[in-house]
Amino acid sequence: MLQQSLIGILIPFAGTTLGAGAVFFLRENLSRNIQRALTGFAAGVMVAASVWSLLIPALEQSEESGFGHFAFLPAVIGLWIGTLFLLLLDKLIPHLHLHAEKAEGRKSSISKTAMLLLAVTIHNIPEGMAVGIVFAGFLNGSAHISASAALALSLGIAIQNFPEGAIISLPLLSSGSTKPRAFLYGLLSGIVEPIAALLMFAAAELLIPAMPYLLSFAAGAMLYVVVEELIPEMSEGEHSDIGVLSFALGFTLMMALDVALG
């Protein structure tokens, strides 16, 4: 079980690494419509993962813990804490979203490349935490999380990490970076996920009593990223339905993965 969990934790990072490897096969940056499509797809996966893999299990575990008609409370509390946690990171960490002209967070003199990587790092923290929390629940056995349910979440995040890695590395290539350097930056953008997952995983025994809160915390953090970053990016500029259709595709794929495997 421990080996399965460690492999599962690394699967999302493998998705980012493979996506960053696109710099060795593509010569030009992705078109705006393709970027919209990939961003919409990632948003759909994250929303579905937040609902099926995190919030619903949190509600079910609260019911089993004797909360009765107030089984929603741990999910509500956890979701709000997760949302506010990401809001705090967003205000404190200097970062620059793709296509944005003005940086967010505290003022800093660090490079544009570093701020782009920090933006993705903020994005990836809740994903890594979600994977680590779910596998911690699986390893402990008392949270009623199956190996297949944990794997579904890990695979879903890995699938949406693939285009994410490409969206980071290809603009760096087109702006003058060498292919190995652009690949390295794309890879580094995802390294925070296994780190966050391992931190959650290491505290598995301590986390189990608070599992409903932690699952919904990760959901709130992921939903913050979707609403604050991904939806604006997939909708910016000239009106296009490609982002909406890709969102629906990502949502249904993640929902199908979770139901089929979970």
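**View 1. The bend in helix α2.** In this predicted model, α2 bends by about 30° at L55. Helix α2 has 33 residues, and its first and last C-alpha atoms lie 47 Å apart. That span is close to the 48 Å expected at 1.5 Å a residue. After α2 comes G66, which has a positive phi, near 95°.

**View 2. Packing of helix α2 with helix α9.** Helix α2 covers residues 32-64 and helix α9 covers residues 211-235. The axes of α2 and α9 are 8 Å apart and meet at an angle of about 160°. Because angles over 145 degrees count as roughly antiparallel, α2 is roughly antiparallel to α9. The crossing of α2 past α9 is left-handed. The contact of α2 with α9 comprises 20 nonpolar, seven polar and two charged residues.

**View 3. Packing of helix α5 with helix α10.** Residues 147-174 form helix α5, and residues 242-261 form helix α10. The two helices pack at an angle of about 160°, with an axis separation of 8 Å. This angle makes α5 roughly antiparallel to α10. Helix α5 passes α10 in a right-handed crossing.

**View 4. Residues where helix α5 meets helix α10.** From α5, the residues in contact are S148, A149, A152, L153, L155, G156 and I159. Their partners in α10 are L253, M254, L257, D258 and L261. By class, the contact of α5 with α10 has nine nonpolar residues, two polar and one charged.

Terms used: Residues are numbered from 1 along each chain as its sequence is written. This is a predicted model: local features need pLDDT of at least 70, side-chain atom pairs count only at pLDDT 80 or more; totals for chains, interfaces and linings use all residues. Side-chain values use heavy atoms; hydrogens and water are left out. Axes are lines fitted to C-alpha atoms, for helices over the stretch in contact, and angles run from 0 to 180 degrees between N-to-C directions. Helices (H or I, at least four residues) and strands (E, at least two) are DSSP runs, numbered from the N terminus. Angles under 35 degrees count as roughly parallel, over 145 as roughly antiparallel, 65 to 115 as roughly perpendicular and the rest as oblique. A crossing is left-handed if the near helix is turned anticlockwise from the far one by less than a right angle, and right-handed if clockwise. Ala, Val, Leu, Ile, Met, Phe, Trp, Tyr, Cys and Pro count as nonpolar, Asp, Glu, Lys and Arg as charged, and the others, Gly among them, as polar. The expected span of a helix is 1.5 Å times one less than its number of residues. The bend at a residue is the angle between axes fitted to the seven residues ending there and the seven starting there. Contact means heavy atoms within 4.5 Å.
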